[in-house]
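These are my notebook entries on a single structure, written in the order in which I looked things up.

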Amino acid sequence: MASADMFPSADMFPNVSFSDVNAAAASQEAGGGGKAVFGLDGASGAARLSFVSTGADQAMEIYLSDAQIFKLGRTEWLCVSGETEAKPGVEEKLFSRAIKVVLRTEDESKAFSLAFQRWKQLGGKAGEPLENGSIMLPKSKFDTKIEASSAQMYFHYYGQLLHQQNMLQDFVRTGTYYAAVMENRSDFEGRVVVDVGAGSGILSLFAAQAGAKHVYAVEASEMVEHAQRLISGNPSLGQRITIIKGKVEEVELPEKADILISEPMGTLLVNERMLESYVIARDRFLAPGGKMFPTTGRIHMAPFSDEYLYVEMANKALFWQQHNFFGVDLTPLHSSAFDGYFSQPVVDAFDPRLLISPPTYHTLDFTKMKEEDLYEMDIPLSFVSSVGTRVHGLACWFDVLFDGSTVQRWLTTAPGSPTTHWYQLRCVLAQPLYVMAGQEITGRLHLVAHSAQSYTIYLTLSAKMWGVGAEQGGILQTSTAKLELKEPYYRLSQTQQYIPQDQQQPLSSLQAQGSGQQMQDGLSPGITVEQERDSAAFTR
Ligand SMILES: C[S@@+](CC[C@H](N)C(=O)[O-])C[C@H]1O[C@@H](n2cnc3c(N)ncnc32)[C@H](O)[C@@H]1O
């Protein structure tokens, strides 16, 4: 796991006066009072020094790789950088920029000069060659944890309007966000808002509709260009929205926020690992006592019995039981194929009557939790079966709470509730358990984050001793599974027909029917044809 101290956080000098010496020669108005911030450029990783005026109406920056600092007085410095400017049809031209900085005290002045030297050494231009090799750029928290190839695919996906549309068209999702914001106007009116992972900018526009003073919409993908156009096309709202391209782990904002709004939820709540970015944004941008929309999230879990699903999955591997496939015996690969199918969590909308016990849940408090809490979660499980049946695995879904000052609103993805594009998730056991009504089922769900922006799921379910001797608490039977959350089986083309436990056919007769599929064709309620088609490619 990455340590929290592996990369530098930005150095800030909150009370400086600064002026652009070149511009000041032409106009006395250049410059002002504000803050100076040393940090890394989100796109190139190059170290830079940014100046932002108190009213955020002026900003200047210089890159430190080719900058120098000269002492003018006790608390006065001159920062000079050489820069290049490329104009269409004109050769690159070099010019220098000089910014005069005045600190408040001698101590601050010394700290400023030390920070300048430190960041100059840390940064440099991305990939700039040195005599003894290439500069090792300090990575942001995001880049340290996440493989570059995964991040590239991820932001490419979200850079496409069709995928933003898919989310916008999930009426349960978008409608609940809209209601949560509008019902809690007092949390937005006159407030500074940060939209964490703004995508198309829809939540920023909702916040502006609710009267936000200013919204900073931070988005790392190329979607920012579309978002900018959407915001410009809604000028009465857009004039209070600033779009900032970059990762929330890397960008600097000119002021603290009163409230964060975001939609960072993936399959099983945690897929995509964007909740970590949401928590980092809280620590970087939210003023003390500020609000978060959503505020908390819960992962719900219950054991289920679904003979049809089990047989469908087991039958997928039957192909590898052929002894004579064009003269080749495929059976040596059967058990690997079987394990492969059962390592895929199943994403679909199932009937809640397949659950055999009331669910339990695990709460994530976005306002208090540490980012590191999301690296690994070990959730103990304990249920009592309400029927005698075969347990085929663990069903999971999530909800999030918008804890507004006026109204508390939940967005749920529960089975039986109007379907969302997240559907529900089921971890299927290759070896089902047999339980009697009243028998206790225990176990654990262990989620371990990995660098491809997802999780490995380790599931253990055990049937406890039942009837005579139950008080000894022994385990009768245990089944385990290892699943990859990043590679789910999207089982969405059919809505499942519910068949009561006592009418389900025994396994042997299902196997005799080949695929064992007895599903009705049709769409999940609340989901459009488009979403059904797109869902196969959906990575959420
Ligand atoms: C689930 S989408 C939500 C988009 C939009 N807020 C909405 O509700 O329709 C998440 C967005 O966050 C962006 N994102 C994810 N991680 C990010 C990060 N670390 N920094 C900035 N943007 C990020 C993605 O590119 C994507 O557009």
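**Entry 1: cysteines.** I searched the whole structure for disulfides and found zero; I note here that the model is a predicted one. I then turned to Cys 396, which is in no disulfide and whose nearest cysteine sulfur, that of Cys 427, lies 4.8 Å away. Since a disulfide needs its two sulfur atoms within 2.5 Å, the 4.8 Å between the sulfur of Cys 427 and that of Cys 396 is too far for a bond. I also looked up the cover of both residues: Cys 396 is buried at 1% relative accessibility, and Cys 427 is buried with a relative accessible area of 0%.

**Entry 2: aromatic pairs.** My count of aromatic pairs came to 20. I took up the pair of Phe 18 and Phe 51, whose ring centres are 5.1 Å apart and whose planes meet at 35°, so I recorded the pair as tilted. Phe 18 belongs to strand 1 (residues 11-20) and Phe 51 to strand 3 (residues 47-53), so that this pair links distant parts of the chain, 33 residues apart. Phe 18 counts as buried at 2% relative accessibility, and Phe 51 is buried as well, with a relative accessible area of 0%.

I then went to Tyr 278 and Phe 366, where the ring centres are 5.6 Å apart and the planes stand at 65°, so the pair goes down as edge-to-face. Tyr 278 sits in helix 10 (residues 274-285), while Phe 366 sits in the loop between strand 17 (360-365) and strand 18 (376-384), so the pair ties together parts that are 88 residues apart in sequence. For cover, I have Tyr 278 as buried at 0% relative accessibility and Phe 366 as buried at 1%. I also wrote down one aromatic cluster, formed by Phe 142, Tyr 154, Phe 155, Tyr 157 and Tyr 158.

**Entry 3: charges over rings.** Which ring does Arg 298 lie over? I found Arg 298 over the face of Tyr 361, at 4.6 Å from the ring centre. I noted a further case in Arg 426, whose charged end sits over the ring of Phe 304, 5.0 Å from its centre.

**Entry 4: salt bridges.** Side chains of opposite charge can pair when their charged atoms come close. A search of the whole structure gave me 25 salt bridges. One of them joins the side chains of Lys 247 and Asp 143, at 3.2 Å from N to O. Lys 247 is in the loop between strand 12 (241-245) and strand 13 (257-262), and Asp 143 is in helix 3 (residues 141-145), so that the pair links distant parts of the chain, 104 residues apart. Lys 247 is buried, with a relative accessible area of 15%, whereas Asp 143 counts as partly exposed at 29%.

I next looked at Glu 371 and Lys 145, whose side chains meet in a salt bridge at 2.8 Å, N to O. Glu 371 lies in the loop between strand 17 and strand 18, and Lys 145 lies in helix 3, so the pair ties together parts that are 226 residues apart in sequence. Both Glu 371 and Lys 145 are buried.

A further salt bridge joins the side chains of Glu 183 and Arg 409, at 2.6 Å from N to O. Glu 183 is in the loop between helix 6 (171-182) and strand 10 (192-196), and Arg 409 is in strand 20 (residues 408-412), so this pair, too, ties together parts that are 226 residues apart in sequence. Glu 183 is partly exposed, with a relative accessible area of 28%, and Arg 409 also counts as partly exposed, at 28%. I then traced salt bridges that share partners, which join Lys 141, Lys 145, Arg 273, Glu 276, Glu 371 and Glu 372 into one network.

**Entry 5: helix 7.** I recorded helix 7 (residues 202-209) as mostly covered, with seven of its eight residues buried; among the buried ones are Ile 202, Leu 205 and Phe 206. Just after helix 7, Gly 211 takes a positive phi of about 95°.

Entry 6: Met 436 is in the loop between strand 21 (424-435) and strand 22 (440-450), and is partly exposed, with a relative accessible area of 41%.

Methods: Residues numbered from 1 in each chain as written. Predicted model: local features only at pLDDT ≥ 70, side-chain atom pairs only at ≥ 80, totals over all residues. Heavy atoms only, no water. Helix = DSSP H or I, 4+ residues; strand = E, 2+ residues; numbered from the N terminus. Buried < 20%, exposed > 50% of the residue type's maximum accessible area, 1.4 Å probe, protein only. Phe/Tyr/Trp six-rings, centres within 6.5 Å; stacked < 30°, edge-to-face > 60°. Lys NZ or Arg CZ within 6 Å of the ring centre and 35° of its normal. Salt bridge = Lys/Arg side-chain N within 4 Å of Asp/Glu carboxyl O.
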